[in-house]
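Please keep the sequence and the model at hand while reading.

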Amino acid sequence: MHMGKIRAAAAGAALVGYLCLLGAPAFAADIDGAALSLLWGLPFMGILLSIALMPLLVPDFWHHHYGKVAAFWALAFLLPFALYADIATAATAVLSVALHEYIPFVILLGALFTIAGGVRLVGNLHGSPSLNTGLLAAGTVLASWMGTTGAAMLLIRPLIRANDDRPHNVHVIVFFIFLVGNVGGALTPLGDPPLFLGFLLGVRFFWTAEAMLLPMLLISMILLAMFYFLDLHYYNKEGRTPDKSPDSNIGLEGGINIPLLGGVVAAVLMSGTWKPGFEWSLFGVSVAPQNVARDVILVGLAVASMLLTRTESRQANGFSWEPILEVAKLFAGIFLTIVPVIAILRAGEQGQLAEIIRLVTQPDGSPHNAMYFWLTGILSAFLDNAPTYLVFFNMAGGDAQRLMGPLADTLLAISAGAVFFGALSYIGNAPNFMVKAIAEQSGIKMPSFFGYMAWSVPILLPVFALVTVFFFL
């Protein structure tokens with residue numbers, strides 16, 4: 001059963017966020033969300049339920065036809081929308097997705113995946129509780145500076161190899177997703193897509209670190225402590241099992257990829273800071289030159305990584321293109337079907353989700369920061385964190401200077417909810433399903449979609465409640 005491969009494709013629901021490094025979907029802003037019924041959200045719910053249930057109920061069918069299922073739900077939105085608006089508007093929507101989101105997404109994620117996949121820690125690491133906790137802590141720190149995807153792809157395989165002799169290792173991967181795939185990306189706009197959106201909207205680069213440091217440290221320390229004692233329990237219970245990997249010195253292969261990862265960071269920063277003052281137009285869809293330049297640089301860096309990294313190193317790293325290919329196949333359907341949902345949310349109190357909007361406002365008109373944290377978080381866990389961040393950012397006034405000033409707690413609530421709640425489900429953030437896919441390809445039997453939530457809900461929600469008490473009440 002190719003569950004890992006299939007689950008990797010489902011990462012598209014969360015990987016949407018990486019597309020938003022360019023900005024939110026341009027055409028979604030042109031749709032009058034106030035005029036849309038909640039029925040327009042059915043295709044999006046359909047594709048999410050397909051991702052969650054079909055691999056469990058009809059795994060063989062899903063494995064062979066998941067692309068057709070995604071296409072069905074995409075057409076379930078596009079065809080009625082073409083009738084509701086007109087064919088030209090629908091065609092513009094598709095072109096806008098391709099130019100503003102899909103192509104840049106594939107390039108960005110592909111560059112991170114390719115370059116990080118060329119770095120290999122060699123040697124026989126022994127998966128003791130201390131070593132595992134240290135690797136999780138290191139990945140948590142790296143995630144803010146090389147992105148959650150980059151850090152996850154860099155460290156997941158060494159972590160798996162270190163624990164390949166242990167019968168209990170699912171918890172190691174689950175906590176890796178919590179910390180490296182999500183929480184660790186909280187300190188800079190490079191760490192997680194919604195924070196980069198804030199940077200593009202005027203939030204200072206280092207405001208994020210200043211504001212998010214304490215909640216990020218609180219969550220990280222709690223989760224690392226929980227992991228250490230849980231891992232220690234299993235480690236003592238297992239006894240000493242024979243290590244499958246022969247002893248060898250610790251070393252690093254593919255070190256040339258480290259500066260290439262730095263190049264990715266520089267290219268992304270360039271696209272957010274360089275404003276040439278003009279745009280090109282392709283069939284009425286604007287194309288920003290700084291984004292084109294970034295994408296060309298990223299492609300060049302990925303090609304350089306392939307040329308400069310030994311093939312043997314990638315093979316030993318278990319490198320495979322399949323997760324990227326499957327994500328690419330499913331992504332278009334997922335992103336298209338989310339458009340009306342985001343449009344309805346953007347309509348605010350004029351839309352069908354007005355009750356959600358009213359929850360974030362106190363009777364005196366001031367923002368309800370705890371509700372901003374939880375609503376941004378829950379929607380980010382199951383929709384997409386970057387557009388959700390943008391919706392609540394605008395709902396709170398959309399003025400970055402004011403949000404960093406008298407409304408700093410509100411911006412903190414929005415930022416923290418968008419980043420931290422990505423760990424709540426497999427579709428909450430880009431690395432989640434990719435890490436799961438790599439783990440399953442390595443022989444680890446990972447939990448199902450709902451099985452993962454049986455871990456995340458009881459562990460993370462109490463921690464988020466503690467964050468609420470300390471920072472938002």
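## Terms and basis

Contact here means heavy atoms within 4.5 Å, and helices (H or I, at least four residues) and strands (E, at least two) are DSSP runs numbered from the N terminus. A residue is called buried when its relative accessible area is under 20%, exposed when that area is over 50%, and partly exposed in between, with a 1.4 Å probe and protein chains only.

This is a predicted model, in which local features need pLDDT of at least 70 and side-chain atom pairs count only at pLDDT 80 or more, whereas totals for chains, interfaces and linings use all residues. Residues are numbered from 1 along each chain as its sequence is written, and side-chain values use heavy atoms, with hydrogens and water left out.

## An enclosed helix

Helix α7 (residues 170–179) is largely enclosed by the rest of the structure, because 9 of its 10 residues are buried. The buried residues are His 171, Val 172, Ile 173, Val 174, Phe 175, Phe 176, Ile 177, Phe 178 and Leu 179. What covers them includes α6 (129–162), α9 (207–238), α19 and α20 (449–471).

## The nonpolar core

A nonpolar core is a set of buried Ala, Val, Leu, Ile, Met, Phe, Trp, Tyr and Cys residues joined through side-chain atoms within 4.5 Å. The largest such core has 141 residues, and those with the most contacts inside it are Phe 176, Phe 178, Leu 223, Phe 373 and Phe 420. Helix α13 (residues 322–346) gives the most to this core, with 14 residues.

Which residues does Leu 223 contact, leaving aside its neighbours within four places in sequence? They are Phe 175, Phe 178, Leu 179, Val 183, Ile 459, Leu 460 and Val 463. Phe 175, Phe 178 and Leu 179 are also among the buried residues of α7.

## Two helix pairs

Two packed helices are described by the angle between their axes and the distance between the axes. In this report axes are lines fitted to C-alpha atoms, for helices over the stretch in contact, and angles run from 0 to 180 degrees between N-to-C directions. Angles under 35 degrees count as roughly parallel, over 145 as roughly antiparallel, 65 to 115 as roughly perpendicular and the rest as oblique. A crossing is left-handed if the near helix is turned anticlockwise from the far one by less than a right angle, and right-handed if clockwise.

Helix α15 (residues 369–382) packs against α18 at an angle of about 25°, with the axes 7 Å apart, which makes α15 roughly parallel to α18. Their crossing is right-handed, and the residues making the contact include Tyr 372, Phe 373 and Thr 376 of α15 and Ala 413, Gly 417 and Phe 420 of α18. The axes of α6 and α19 come within 10 Å and cross at roughly 20°, and these two helices are therefore roughly parallel to each other. Here too α6 passes α19 in a right-handed crossing, with Ala 152, Ile 156 and Ile 160 of α6 and Met 434, Val 435 and Ile 438 of α19 among the residues in contact.

## Two buried residues

Ser 415 lies in helix α18 (residues 408–420) and counts as buried because its relative accessible area is 2%. Apart from its neighbours within four places in sequence, Ser 415 is in contact with Leu 195, Trp 207, Met 212 and Tyr 389.

Leu 154, in helix α6, is buried at 11% relative accessibility. With neighbours within four places in sequence set aside, Leu 154 is in contact with Ala 116, Val 119, Leu 142 and Met 146. The C-alpha atoms of Leu 154 and Ile 115 are separated by 8.9 Å, although the two residues are 39 apart along the chain.

## Salt bridges

A salt bridge is a side-chain nitrogen of Lys or Arg within 4 Å of a carboxyl oxygen of Asp or Glu, and by this rule the count comes to 7. Glu 440 forms one with Lys 436, the closest N and O atoms being 2.6 Å apart. Both residues lie in helix α19 (residues 430–441), 4 residues apart, about one turn of the helix. Glu 440 is buried at 18% relative accessible area, as is Lys 436 at 1%. Elsewhere, salt bridges that share partners join Arg 166, Asp 231 and Glu 238 into one network.

The side chains of Asp 295 and Arg 294 also meet in a salt bridge (3.1 Å, N to O), and both residues are buried. In the salt bridge between Arg 310 and Glu 312 (3.9 Å, N to O), Arg 310 is partly exposed at 48% relative accessible area, and Glu 312 is partly exposed at 47%.
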